[in-house]
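Biologist: I would like to go through this model with you and hear what each label rests on. Could you show it to me?

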Amino acid sequence: MPIYVLLVGGDNTLRDTAARLIREATLKLVAVPDPDTALNALAGIRFDVLVGGAMADDATFERLLAAARMLQPGLQVIDARKIALAPSQRHAAVRHPVAPRLPALLA
């Protein structure tokens, strides 16, 4: 059974890389441009993982997460904004952007 991944945000690089990587795995990717579209998708499809890409701001992302967790309580969340920061801005243990690491993060 495939793992369904919802990718939210307008980050084209992340979306393209994730789609390429996920196409080769037993994962199904649904990429949406904004939180409203994401909530519509969450209301219709049972997702396993939500990946938050480029979002308008932290408050928008937090509202999306609260609504997503109400719709699907077991939903795993990956905040791509935090792990795709430049090396000087993130924890030293995280050295690569999220897109190439997405299959490992979902395992």
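Modeller: Gladly! Let us begin with strands E1 and E2, which run parallel and are joined by six bridges. In one of these pairings, leucine 7 has alanine 31 of E2 as its bridge partner.

Biologist: Before we go on, what kind of model is this, and how are its residues numbered?

Modeller: This is a predicted model, numbered from 1 along each chain as its sequence is written; local features need pLDDT of at least 70, side-chain atom pairs count only at pLDDT 80 or more, and totals for chains, interfaces and linings use all residues. Side-chain values use heavy atoms, with hydrogens and water left out.

Biologist: What makes E1 and E3 a strand pair?

Modeller: Strands are DSSP runs of E with at least two residues, helices are runs of H or I with at least four, and both are numbered from the N terminus. Two strands pair if DSSP finds at least two bridges between them. Strand E1 (residues 3–8) and strand E3 (residues 49–52) have four bridges and run parallel, so they meet the criterion of at least two. Valine 5 is opposite valine 49, leucine 6 has leucine 50 as its bridge partner, and leucine 7 is opposite valine 51. On to the next strand: valine 51 also stands opposite isoleucine 78 in E4, and E3 and E4 pair in the parallel sense over four bridges.

Biologist: Why are E2 and E4 said to stand at the edges?

Modeller: The open sheet has the order E2-E1-E3-E4, with parallel pairing. Strand E2 (27–32) and strand E4 (76–79) each have a single partner strand, so one side of each is left without a neighbour in the sheet. From one strand to the next, the twist averages 20 degrees.

Biologist: What does helix H2 touch in the sheet?

Modeller: H2 (residues 35–44) packs on the sheet and touches E1, E2 and E3; contact means heavy atoms within 4.5 Å. The direction of H2 makes about 160 degrees with that of E1, where axes are lines fitted to C-alpha atoms (for helices over the stretch in contact) and angles run from 0 to 180 degrees between N-to-C directions.

Biologist: Why is glutamine 72 called buried?

Modeller: Buried means under 20% relative accessible area, exposed means over 50%, and partly exposed is in between (1.4 Å probe, protein chains only). Glutamine 72 has 2% relative accessibility, so the residue counts as buried. Its place is the loop between H3 and E4.

Biologist: How do you know that glutamine 72 makes a polar contact with leucine 42?

Modeller: A polar contact is a pair of N or O atoms within 3.5 Å; within protein, one must be able to donate a hydrogen and the other to accept it, and residues adjacent in sequence count only if both atoms are side-chain atoms. The side chain of glutamine 72 reaches the backbone oxygen of leucine 42 at 2.8 Å. A polar atom of that side chain also lies 2.9 Å from the backbone nitrogen of phenylalanine 47.

Biologist: What makes a group of residues a nonpolar core, and which residues have the most contacts inside the largest one?

Modeller: A nonpolar core is a set of buried Ala, Val, Leu, Ile, Met, Phe, Trp, Tyr and Cys residues joined through side-chain atoms within 4.5 Å. The largest has 13 residues, and those with the most contacts inside it are Leu6, Val8, Ala38, Leu42, Phe47, Leu50 and Leu75. E1, H2 and helix H3 (58–71) each supply at least two residues, with the largest share, four residues, from H3. A second, separate core has 10 residues, among them Leu14, Ala18, Ile22 and Leu27.

Biologist: Where is confidence lowest, and where is it highest?

Modeller: pLDDT is the predictor's confidence in each residue, from 0 to 100. Helix H5 (residues 98–106) is lowest, at a mean of 58, and H2 is highest, at 91. Over residues 85–96 pLDDT stays under 50. The protein chain averages 75, and 67% of the residues score at least 70.
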